[in-house]
Amino acid sequence: MIIMDSTATKEEIANVVKEIKKFGLKADVSRGEFRTVIGLIGDERKADFSRFATLPGVKEAFMVETPYKLISRDYGRRFNGGGESRLIRVGEVTIGGDDLVIIAGPCTVESKSQLFRIAEKVKKAGAHILRGGVFKPRSSVHSFQGLGANGRNEAEEALRWLHEAGQKFGMPVVTEVRGEAQVDLVAGYADIIQIGARNMYNQDLLASVARTGKPILFKRHFGAGIDEFLSFAEYMAAEGNKDIILCERGILPVGKGKNYTRYTFDLSAIPAIQKETYLPIIADPSHATGRQDLVFNMSCAAVAAGACGLMIEAHYNPSEALIDGMQMVTPEELKEIISACRKIHKLVAQKHRAKVLTG
Ligand code: PEP
Ligand code: MN
């Protein structure tokens, strides 16, 4: 990490960046209100910090061990006068701000009429962002893989419906990209690109999604520790894209026998992550529980834990859904969840924010 003098010139900053590159590293320049801080991306042990310290305009140069310094709240706060929660703006919606953000929609886009019907209903229920999978990660090759599996034309058609539904009902849209080959296609239609739990470790996909410059909804792998989750988010930040919305969606349950929930909702990860990073974190009670009858309570719990948004699967007739019908709520239930969670968010948000910022 290199901290520049408050009087450092553009040329001096550019010169430091040039010197960093000589060691085979990249530079992340962040211009704060009071000073510029340059993060080194790559193996800092290769660099000569005593040399950086002597360059014109440099105030301090030192090695940072944290694997996720670019997204660290602490580093932002200590060296950049920042560390404040990042607001991510998508159309009219702000994620990480004062209002709880609700992402809702079907697990999977099945047809134009299914999607439009759901979009209209979730909007009326109070959702801000529409979700819908086109490329679905599935455990079995024999299950429905989403319309994306039927070739590029059908994939593009489904993505177009999503985009049109978003336009028609005034909601930005989010959909998952499963592999690098789909990134450009998905980026052409989605307002937010989702990286699913199973791809959390796919660093080439992460980098390629980050390079689209679109906001990213990044889901925690069900076996990943918090440290790992944030370290992989850092891959995207290192590509210059810090519009990353983190999502807690449940980790693997423990023990033998019946587990009663699809995953274990790791709610304490939410405030823990908020202390570590300035990136916003939302929660997905649908995949975490796999149970429609638990979604209300666990939505409330996630918001109480500090989540700044929720992603909830919803359908006008859950039993009709080809995938994940057992965890989908109806638009009426969604409305009740939103109303309860808004109240909880108001109660928690102010106190919580003050706590996060004072460390
Ligand atoms: C999803 O949100 O559609 C999904 C498949 O979730 P996850 O990646 O968390 O399993
Ligand atoms: Mn699903």
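**Close-up views of a predicted model**

**View 1. Helices H4 and H5 pack at an angle of about 30 degrees.** In this predicted model, helix H4 covers residues 112-125 and helix H5 covers residues 152-169, and their axes lie 10 Å apart. Angles under 35 degrees count as roughly parallel, and H4 and H5 are therefore roughly parallel to each other. The crossing in which H4 passes H5 is right-handed. On the H4 side, the contact is made by Lys112, Leu115, Phe116, Ala119, Glu120 and Lys123. H5 contributes Trp161, Leu162, Glu164, Ala165, Lys168 and Phe169. Sorted by class, the contact of H4 with H5 holds seven nonpolar and five charged residues, with no polar ones.

**View 2. Four residues coordinate the manganese ion (ligand 2).** The donors are Cys107 through SG, His287 through NE2, Glu313 through OE and Asp324 through OD, at 2.0 to 2.4 Å. Along the chain, the donors of this manganese ion follow the spacing C-x179-H-x25-E-x10-D. Cys107 and Glu313 link distant parts of the chain, being 206 residues apart. Cys107 sits in the loop between strand E7 (101-105) and H4, while Glu313 belongs to strand E14 (residues 309-313). Cys107 and Glu313 are both buried.

**View 3. Helices H7 and H8 cross at roughly 40 degrees.** H7 spans residues 203-210 and H8 spans residues 226-237; their axes come within 8 Å. H7 passes H8 in a crossing that is right-handed. Gln203, Leu206 and Ala210 of H7 meet Phe232, Tyr235 and Met236 of H8 in the contact. By class, the contact of H7 with H8 comprises five nonpolar residues and one polar residue, and no charged ones.

**View 4. Helix H8 also crosses helix H9, here at roughly 50 degrees.** H9 runs over residues 269-276, and the axes of H8 and H9 come within 11 Å. The angle makes H8 oblique to H9. The crossing of H8 past H9 is right-handed. From H8, the contact takes in Ile226, Phe229 and Leu230. From H9, the contact takes in Ala269, Ala272, Ile273 and Glu276. Six of the residues in the contact of H8 with H9 are nonpolar and one is charged, with no polar residues.

Terms used. Residues numbered from 1 in each chain as written. Chains lettered and ligands numbered in written order. Predicted model: local features only at pLDDT ≥ 70, side-chain atom pairs only at ≥ 80, totals over all residues. Heavy atoms only, no water. Axes fitted to C-alpha atoms, helices over the stretch in contact; angles between N-to-C directions. Helix = DSSP H or I, 4+ residues; strand = E, 2+ residues; numbered from the N terminus. Parallel < 35°, antiparallel > 145°, perpendicular 65-115°, else oblique. Left-handed = near helix turned anticlockwise from the far one by under 90°. Contact = heavy atoms within 4.5 Å. Nonpolar A, V, L, I, M, F, W, Y, C, P; charged D, E, K, R; others polar. Donors = N, O, S within 2.8 Å, 3.2 Å for Na, K, Ca; no water. Buried < 20%, exposed > 50% of the residue type's maximum accessible area, 1.4 Å probe, protein only.
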